[in-house]
Amino acid sequence: MVYRVFRLSRPLQFTSWDVNPMSENAASPLQVGRVLNTSLKVAAGGFLLYFLMALIANVPNLIVELLSPAPPPPWVDGEMPPEVGPETNPFQEGPAAFGLLALVLFGILLSFVMSASATYAMVARLRGTQFDLPQIFAGGLRALLPLLGVLVVLFAVFLGIALVAGIVWAAIAYGIAGDPKSPLGVLALPIFLVPLLIVSVRLTPVVPVVVVERAGIIASLQRSAGLTKRSFWQILGVFVIAIVFLTAFFAVLLAVPLAILGPEALGSPPLVVVNALLSSVAIVYFWALTAVIYYELRMAEETGAVPA
């Protein structure tokens, strides 16, 4: 059965790129406002499907949160809550701990498959082609192993960055300032964040590259860095605006039940479920952002108008 998002019947192929019929300026430089707006349209165009995929990806984490004990916050009774022990935490020791680990690992695999499948569908929507559900899930499964390889490489890169940044910070905080709590030591803390931020932004389209171009692990990382080399600030602006807006919007939504039920409702099953639903909405939008950023950078590259 064909998922009726698109009116065109040509097969989904990524060997030839046409100008997107949805946009009159597909070859123009990357623009923050256009990316945010187009991403909203893409997410809304197949929202039910994407939302269900994001919700499925959230199921393992939701199970863990629902089964884990939720001690009352310290401000409820005016005292710090008691420590959670094996008698109150079913995941702390024994076979249940291995079950938790298996559930977490399964959640990671499931999130990769859903992310890759949604990316496949969203890029197809941007191209104006149609797809069926087996096709997009096959694309997601095909990308699973390369994405796991990318995750391993990125973990090694981030670990190396953290180690180097830690050494530099220690040299500044202890060697130059003499006290890590001094103003200079505090100001040096972003040394950890800046390189991680740069790498994260430069590798934003790595999932679409793996899914669409079927590149290898290292080739996908290199390709992603090449696509974004002239669009760092635009991409950073897109994600800053999206994160600020979604955080404020969801904070307002969560404030309503908290105001009604009180702070003791934190960690309760209803709020855990509500949080899972809201996070699934956010995941859909961030999938769309990544797909749109990749698509526009790829179109700009193919037509010669590389983002400046």
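Student: In which helix is the place of E296?

Tutor: Keep in mind that this is a predicted model. E296 lies in helix α12, which covers residues 269–303.

Student: Is E296 buried or exposed?

Tutor: The general idea is a cut-off: a residue is called buried when its relative accessible area is under 20%. E296 has a relative accessible area of 7%, so E296 is buried.

Student: Which side chain does E296 join in a polar contact?

Tutor: The partner is R34: the side chains of E296 and R34 are joined by a polar contact of 2.5 Å.

Student: Where is S280 found, and what is its relative accessible area?

Tutor: S280 also belongs to helix α12. Its relative accessible area is 0%, and therefore S280 counts as buried.

Student: Which residues is S280 in contact with, leaving aside neighbours within four places in sequence?

Tutor: With those neighbours set aside, S280 is in contact with F51, A54, L55 and N58.

Student: Now the surface. Which residues form the nonpolar patch?

Tutor: The patch consists of L101, V104, L105, I108 and L151, and together they have about 410 Å² of accessible area.

Student: Which helix gives the most to the nonpolar patch?

Tutor: Helix α4, residues 95–127, gives the most, with 4 residues. L105 is found in helix α4.

Student: Why does L105 count as partly exposed?

Tutor: Partly exposed is the class between buried, under 20%, and exposed, over 50%. L105 is assigned to that class because its relative accessibility is 47%.

Conventions: Residues numbered from 1 in each chain as written. Predicted model: local features only at pLDDT ≥ 70, side-chain atom pairs only at ≥ 80, totals over all residues. Heavy atoms only, no water. Patch = residues over 30% accessible without salt bridge, like charges linked within 9 Å, V, L, I, M, F, W, Y side chains within 5 Å. Areas by Shrake-Rupley, 256 points an atom, 1.4 Å probe, with all protein chains shown as cover. Salt bridge = Lys/Arg side-chain N within 4 Å of Asp/Glu carboxyl O. Helix = DSSP H or I, 4+ residues; strand = E, 2+ residues; numbered from the N terminus. Buried < 20%, exposed > 50% of the residue type's maximum accessible area, 1.4 Å probe, protein only. Polar contact = N/O pair within 3.5 Å; in protein donor to acceptor, adjacent residues only side chain to side chain. Contact = heavy atoms within 4.5 Å.
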